[in-house]
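Please work through the exercises below with the sequence and the 3D structure open beside you. Try each task before reading its solution.

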Amino acid sequence: MGIRFILMVNKQGQTRLAQYYEWLTLEERRALEGEIVRKCLARNDQQIRFELMFEFLCSYAGVLAGWLALNEQCSFVEHRNYKIVYRRYASLFFMVGVDDDENELAILEFIHLLVETMDKHFGNVCELDIMFHLEKAHFMLEEMVMNGCIVETSKANILSPIQLMDKAH
Amino acid sequence: MDNLFQRSLEDLIKGFRLQLLGESSFISRALEEIRREVKATDLSTKSTALHKLSYLAAIHGVDMSWAAFHALEVVSSSRFHHKRIGYQAITQSFHDQTSVLLLITNQLRKDLNSVNEYEVSLALECLSRIGTRDLARDLSPEVFTLLGSSKSFVRKKATGVVLRVFDKYPDAVKVCFKRLVENLETSDPQILSAVVGVFCELASKDPTSCLPLAPEFFKILVDSRNNWVLIKLLKIFSKLASVEPRLGRKVAEPICEHMKRTVAKSLVFECVRTVVSSLSDHEAAVELAVAKIREFLVEDDPNLKYLGLHALSIAAPKHLWAVLENKEAVVKALSDEDPNVKLEALHLLMAMVTEDNVSEISRILMNYALKSDPLFCNEIIISVLSVCSRNAYEIIVDFDWYVSLLGEMARIPHCQRGEEIEHQLIDIGMRVRDARPQLVRVSWALLIDPALLGNMFLHPILSAASWVSGEYVEFSKNPYELVEALVQPRTDLLPPYIRAIYIHSVFKVLVFCLGSYFSAQESSSGSSSTVYESILNLVNVIEIGVWPLSGAYDVEVQERAKNVLGFIGMAKQDIAKNVNLQDNDAEACRVTAFMEDMFSEELGPISANAQEKVCVPDGLELEENLGDLEEICGKFLKPVESDSVSCTDKISFSVSKLRIRDQQEASSSSTSLPAKASSSLLAEHRKRHGMYYLTSEKNDPDSNGTPKDYPPANDLASEILLDPLDPKRKAKHRKSRPVVVKLDEGGESRITTSQAKTKQESVTDDESLSRAIQSALLVNKKGKEREKCEGNSNLVVQEEETSRIEKPQNSEKKKKKKKKKNGERTSGKHRSRRRSEVASSSEQVEIPDLLL
């Protein structure tokens with residue numbers, strides 16, 4: 001069913017955000033996070049330079065522009081019966097676990113969209129922002145993904161309810 | 001008053017960060033605080049406490065299920081802030097077993113009906129994450145209403161929830177489906193995106209039921225510019241086209257258009273994937289797709305390279321030409337830095353292997369294996385081994401080359417696949433007669449190399465090498481050197497069971513040499529002194545080498561060493577120059593001849609179905625209950641005591657032997673009653689079923705290894721061997737390929753491919769869901785012709801049994817099948833009529849004409 005879970009983990013392996021779209025017990029979650037994090041962190045240790053030009057889709061406006069990501073390594077890892085698509089932004093790893101038939105590049109775009117949205121809302125988002133405003137991050141994610149399917153891809157639409165709520169609060 | 005001193009979440013986090021050590025005590029202190037605070041009556045205090053608890057649960061894995069009821073209380077507050085916190089807690093911690101789940105229904109219903117769209121969205125999101133069957137059933141009317149709401153925000157979310165509701169409660173399909181389909185035609189891109197997402201999931205579960213909606217999808221495919229929507233549509237079409245091939249023709253055009261026009265790589269990849277997997281019959285589309293794949297392969301980005309290779313491997317089975325065109329790119333990818341890319345390239349290369357290029361490709365791969373890290377090296381080795389051994393070595397024409405390749409693999413430094421190589425060496429030895437000389441040569445090279453003995457991964461290969469050398473010693477050029485290699489002192493590094501194989505091979509070589517010596521002696525009048533000296537040398541070398549092992553700790557090694565030494569002791573007398581071999585005392589000669597005879601019997605592969613081929617002899621009863629035998633045999637089958645054992649009390653597992661022994665034991669039964677009659681259960685069992693137990697005593701130690709005690713097995717084996725071997729010999733290949741003995745289904749592939757991944761889906765749920773969708777769609781069609789307000793007396797044309805047949809306990813709670821009007825609530829526990837099952841599978845799903 002599309003996306004199974006979304007994780008944000010820092011370089012030391014501490015989970016900063018975990019959103020699961022299927023029920024797993026606490027031990028299962030911890031075990032899963034441990035395994036995946038180990039796999040992804042191990043792969044990235046070999047990266048020497050981390051120079052990037054990014055490619056993104058601006059879907060809502062219908063304009064197509066492109067940046068290319070020049071990673072040293074592939075961003076996909078196979079784990080049990082699903083794939084993990086991950087990308088590293090500064091000190092944080094964004095990992096999305098998806099079904100086998102999901103389009104990996106689209107998920108990479110989704111991760112980038114998520115980061116940009118958070119950036120727009122928090123202004124130069126960093127790990128601390130996510131830590132202190134966890135529920136806002138959750139909220140953003142809930143706007144974007146429902147039931148494991150991506151439903152909203154426009155930053156404006158995602159942020160407007162959140163901004164409204166902040167104003168009312 | 002409590003509020004002033006309550007720590008907010010921010011304080012908690014700050015405090016946590018300042019804590020350098022003692023994190024768990026900090027957490028437990030915080031937990032205590034929370035437990036106190038959460039019981040307060042003031043909702044603000046409660047909600048802050050719950051907020052903190054959610055944080056701790058999410059990040060530090062603290063269990064928060066005890067706070068379920070408090071979460072409910074918080075949710076019932078009228079302040080939005082509290083509601084949000086409450087819902088967050090609920091979404092995080094509720095699951096199917098939560099006891100207070102029932103209480104949430106009303107709260108959800110209230111919120112779903114609320115005017116404030118944000119409250120509605122909170123409730124919807126909560127439902128989508130924790131929705132159970134009961135919740136889905138009770139709240140589907142509300143969801144239905146919301147699907148038609150005027151606020152697109154709400155509609156979008158409702159669409160998102162629909163999937164979960166359908167999943168848990170298939171009957172809801174009838175209620176909500178129409179609205180869903182209406183939403184498909186909306187111009188609002190948000191909602192469209194959500195709806196297409198839902199259909200994408202539905203289509204993956206059951207394509208046939210979504211087939212009637214194909215025209216709408218087609219329209220969107222052509223018109224839309226939104227890449228996300230297009231990607232989902234492509235997935236839908238890929239599933240639909242595999243079910244309905246005519247659809248492929250129509251769809252290929254717009255897909256190619258998109259492929260050419262778009263810049264977005266993700267869309268290109270999805271198009272390529274769709275074409276290659278479902279539209280593989282349309283040549284033009286496939287060629288365009290392959291061109292795009294080539295572009296991917298030459299990119300620097302490892303992601304794109306990996307995806308290009310992946311798409312190529314999907315295309316490989318039907319379009320091998322595409323793979324061959326890109327051969328250089330694939331080979332280049334083998335040396336890429338990224339492990340995923342390398343693995344995909346390896347698999348692709350394996351798909352390309354045929355008889356002609358197998359040696360070339362293996363050469364390339366061996367070079368890479370020498371250069372790579374251990375993991376990839378072993379991947380290469382195992383894939384080469386598996387491809388070459390498929391179907392009893394179908395691909396190999398030149399076995400001499402293949403055997404030397406196996407030897408080469410053993411010398412690769414990182415090789416860890418000893419068992420597979422061992423298996424193949426022995427397998428080839430048994431099946432391919434003509435390859436045996438080369439096998440012996442390669443084994444000899446492996447055995448004399450002392451360096452290999454130190455590498456424990458190679459020990460299985462060495463054991464195979466020694467077995468082969470012993471078994472096919474007649475092909476070896478220099479048995480003397482072979483024996484020297486087998487008894488060299490460095491073999492101490494081998495584990496005992498392999499050592500035992502070495503000693504046994506030494507034995508076989510000895511027998512062979514002695515046999516030829518004796519026969520040479522018999523035929524020629526006198527023996528030359530050089531021959532005599534060489535055989536004496538051989539015997540001495542063996543004796544010196546094996547003698548230390550006769551005191552070895554391992555019983556197997558010790559036993560075999562003693563066998564060999566005993567045999568040597570006996571043979572030494574007869575090797576002397578002046579012995580007349582026609583003498584009756586020349587025991588050794590006769591024994592040697594017998595041994596040779598035994599060793600010359602070939603071991604061969606046995607088909608798994610061989611036993612079935614042996615026809616049951618007449619008069620043999622296989623099905624009868626053997627209980628009656630107890631009367632006959634009871635006296636003779638006594639429980640075995642370890643101390644009062646005598647040779648005549650052997651309990652044999654062969655019925656024929658039992659009759660023979662009956663007579664033996666009848667004479668001695670009176671004297672051999674056990675001293676103490678054991679009353680343990682085991683003894684009783686042995687008494688009753690003793691004939692099925694294996695012999696409990698060791699054989700006489702001086703039997704010298706001759707397998708006289710087990711003739712039945714050997715006889716049977718030789719029978720089976722002869723039968724399938726003859727008619728199944730493979731015909732000679734035009735390039736004089738050696739004969740490979742291949743039996744029917746004799747060899748399953750031992751190496752399982754790692755690609756077998758299947759999705760687990762609960763079949764019953766899917767069936768019910770698909771039937772529900774099908775019925776809803778057909779009703780849709782017919783409903784468009786007739787008036788909508790129809791009494792449900794006449795109901796749907798297609799009557800169905802829902803999944804309740806499989807779940808009989810829910811048969812009481814069936815809902816009405818069809819709504820009378822929009823907006824009417826159909827909840828409640830009506831007993832609906834019994835529905836008869838119609839073979840819905842035989843009903844052809846109509847395809848709208850415009851698509852044909």
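The exercises that follow go from one chain to the interface and then to single residues.

This is a predicted model, in which local features need pLDDT of at least 70 and side-chain atom pairs count only at pLDDT 80 or more, while totals for chains, interfaces and linings use all residues. Residues are numbered from 1 along each chain as its sequence is written, chains are lettered from A and ligands numbered from 1 in the order in which they are written, and side-chain values use heavy atoms, with hydrogens and water left out.

**Exercise 1.** Describe the make-up of chain B.

Solution. Begin with the DSSP runs (helices are H or I of at least four residues, strands are E of at least two, numbered from the N terminus); chain B has 40 helices and 0 strands. Next, take burial (under 20% relative accessible area is buried, over 50% exposed, in between partly exposed, with a 1.4 Å probe and protein chains only): 51% of the 852 residues of chain B count as buried.

**Exercise 2.** Work out how much area chain A and chain B bury between them, and which residues of chain A lose the most.

Solution. The size of an interface is often given as the accessible area lost when the parts come together. With buried area taken as that loss on being put together, summed over both parts (1.4 Å probe), chain A and chain B bury about 5,900 Å², of which 56% is on carbon and sulfur atoms. On the side of chain A, F132(A), M146(A) and N147(A) lose the most area to chain B, together 11% of what that side buries. Counting contacts (heavy atoms within 4.5 Å), 61 residues of chain A touch 69 residues of chain B.

**Exercise 3.** Find the salt bridges between the two chains.

Solution. Apply the rule (a side-chain nitrogen of Lys or Arg within 4 Å of a carboxyl oxygen of Asp or Glu), which gives 5 salt bridges between chain A and chain B. One of them joins the side chains of K157(B) and E143(A), at 2.9 Å from N to O.

**Exercise 4.** Is E270(B) buried or exposed, and what does its side chain meet?

Solution. Locate E270(B) in helix α17 (residues 265–278) of chain B. E270(B) counts as buried, because its relative accessibility is 3%. Leaving aside neighbours within four places in sequence, E270(B) is in contact with N103(A), I231(B), L234(B) and K235(B). Finally, look for a polar contact (a pair of N or O atoms within 3.5 Å; within protein, one must be able to donate a hydrogen and the other to accept it, and residues adjacent in sequence count only if both atoms are side-chain atoms): the side chain of E270(B) makes one with the side chain of N103(A), at 2.7 Å.

Terms used: Buried area = accessible area lost by both parts, 1.4 Å probe.
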